[in-house]
Amino acid sequence: MLNSRTLAVVLSLLIAVVTTAFLSLVHAITIVALVVCFSISFSVAFILIYLILEFLIFKEINKINGLIAKLKKKDFKITGKSLVTSSSPLGRITEEIYTLAKVKQLEIDELKKLEIYRREFLADVSHELKTPIFAAQGFVETLLDGAIDDPLVRDRFLNKASKSLDGLNILVQDLIVLSQLETGEVKMDMTDFDLVHLLKEVVEQLEDKAAKRKSVIEIYTTDTKSYIVHADKFRIQQVMVNLVVNAIKYGKESGTIAIHLEKEKNQVLVTVKDDGPGIANEHLARLFERFYRVDKSRSKEGGGTGLGLAIVEQIIEAHNSHIQVSSKLGKGTTFVFKLRKGLSAE
Ligand SMILES: Nc1ncnc2c1ncn2[C@@H]1O[C@H](COP(=O)(O)OP(=O)(O)O)[C@@H](O)[C@H]1O
Ligand SMILES: [Mg+2]
C-alpha cells in the first residue's frame with residue numbers, strides 16, 4: 001500500500017540523488033562532502049514531504065473516509081461542528097459530502113413521514129365512513145326483521161337511517177372538496193368584493209344557530225368604509241361559516257363571537273375570536289389536520305366531520321395566505337388570516 005511515509009522516502013531519495021549528482025560535477029569535491037550533502041538533502045526533503053502529505057492531504061482524506069463511515073451510520077451530529085471553518089479544497093469536499101448526505105437524509109425522513117400520514121389517513125377515512133354506514137345498516141336490518149309493521153317505530157327508524165346517510169353524504173362531499181383543493185383541481189374564482197357585506201350575510205345565516213346557544217356574533221371594523229378584498233367570494237364565505245360555526249359549537253354558552261377587520265398596507269386582516277373554553281397547547285399544532293378533533297363526542301354531536309379546519313386551511317393557502325390559531329385555556333380561541341386588498345379599495 002502506498003502511504004505518506006513510503007511516498008516521502010521515494011521522493012526524497014530522488015531529490016537527494018539529483019542534488020548529489022549535481023554536486024559531484026563540482027571540481028575536486030570530496031566523498032565526505034557528497035555523503036553529507038546526500039544525507040542532508042534526503043532528511044530535509046523527507047521531513048518536508050512527509051509533513052505536507054501527512055497533514056495536508058492524507059489527514060483530510062482520512063477525515064473524508066471517517067465522515068463517509070459516519071454518514072453510513074446516519075450519524076450527523078459529531079461531524080457537523082468540525083467542518084465549519086475548513087478552507088482547504090479537500091476540507092470543502094468533506095463539507096459538500098456532509099451537506100449533500102444531510103439533505104438526502106432529510107428528504108428520506110420527509111417521505112417516510114408522508115407515508116405514515118397516508119396510512120393514517122386511509123385508516124381514518126375508513127373508520128369515519130364505517131360509522132354512519134353501520135348505523136344505517138342497523139336501522140334497516142331492524143326494520144326488515146319486523147319493526148316495519150309498527151308504523152311508529154318504522155318512521156322513527158327510517159328517520160334515523162336517513163340522518164346517518166345524510167351525515168355520510170356531508171362527509172363524502174367534504175372529502176371531495178378537500179381532495180380537489182389539495183390537488184389544485186379547483187381554481188379560486190378571484191373577484192373584488194366587500195368583506196363587510198359578506199360577513200353580514202354569514203351572520204344572518206348563522207344567527208339562529210347562535211341564538212340556540214344564546215350566543216351573539218359581532219362584527220368590528222376600524223372604519224366605516226367598505227373592506228374590498230380580492231378573493232374567491234364563495235370559498236371565503238365557506239371559511240367564515242366554518243370558523244363561526246366552530247366558535248358557536250365549541251365556544252361557551254351565552255358567549256360572544258367577535259369578527260374583527262383591520263386594514264393593512266396591501267391586505268385586510270381578519271380575526272375570528274370566541275370567549276369559550278379554549279384549546280390546550282398540545283392540540284394547537286395538529287388542529288388543521290384532517291379528522292383531528294379535541295373532543296370527539298362533542299364534534300360528532302354537532303354533525304362535525306372533523307374536516308372543517310382542514311378545508312379552511314386549504315382555501316386560505318390557495319389564496320397564497322396563511323391561517324393561524326392561538327388559544328388560552330379558559331379565555332378563548334382566535335383564528336387570524338389575511339386577504340389581499342381589492343383594486344377598488346382606496
Ligand atoms: N373555536 C374553537 N374553540 C375550541 N375548539 C375548537 C374551535 N374550533 C375548532 N375547535 C376544535 O378543533 C376541532 C376541529 O375542528 P373542525 O376541523 O372544524 O372539525 P369539526 O368541527 O367537524 O369537529 C374540533 O373538533 C374542536 O375540537
Ligand atoms: Mg367545524
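Here is a short chat about reading the domains and the ligand site in this predicted model.

Visitor: Let's start with the whole protein. Into which domains is it divided?

Guide: Look for domain 1 (4-104), domain 2 (122-183) and domain 3 (190-340). The C-alpha centres of domain 1 and domain 2 lie 77 Å apart.

Visitor: Now the ligand. Which residues come nearest to ligand 1?

Guide: There are 19 residues around ligand 1, and Tyr250, Asp274, Ser299, Gly306 and Leu309 come nearest. That shell divides into eight nonpolar, seven polar and four charged residues.

Visitor: How do I read the polar contacts here?

Guide: Look for N or O atoms paired within 3.5 Å. In the side chain of Asn246, an N or O atom is 2.9 Å from an oxygen atom of the ligand. With Gly308 it's the backbone that takes part, where an N or O atom lies 3.3 Å from a ligand oxygen.

Visitor: And how much of ligand 1 does the protein cover?

Guide: The general idea first: the size of an interface is often given as the accessible area lost when the parts come together. On its own, ligand 1 has 540 Å² of accessible area, and the protein covers 96% of that.

Visitor: Which elements give two or more residues to the shell around ligand 1?

Guide: Those are helix 7 (233-250) and helix 10 (308-318). Helix 7 gives the most, with four residues.

Definitions and conventions:
Residues are numbered from 1 along each chain as its sequence is written. Chains are lettered from A and ligands numbered from 1 in the order in which they are written. This is a predicted model: local features need pLDDT of at least 70, side-chain atom pairs count only at pLDDT 80 or more; totals for chains, interfaces and linings use all residues. Side-chain values use heavy atoms; hydrogens and water are left out. A residue is near a molecule or strand if one of its heavy atoms lies within 4 Å of it. A polar contact is a pair of N or O atoms within 3.5 Å; within protein, one must be able to donate a hydrogen and the other to accept it, and residues adjacent in sequence count only if both atoms are side-chain atoms. Accessible areas come from the Shrake-Rupley method with a 1.4 Å probe; for residues, only the protein chains shown count as cover. Ala, Val, Leu, Ile, Met, Phe, Trp, Tyr, Cys and Pro count as nonpolar, Asp, Glu, Lys and Arg as charged, and the others, Gly among them, as polar. Domain bounds come from an automatic or database domain assignment.
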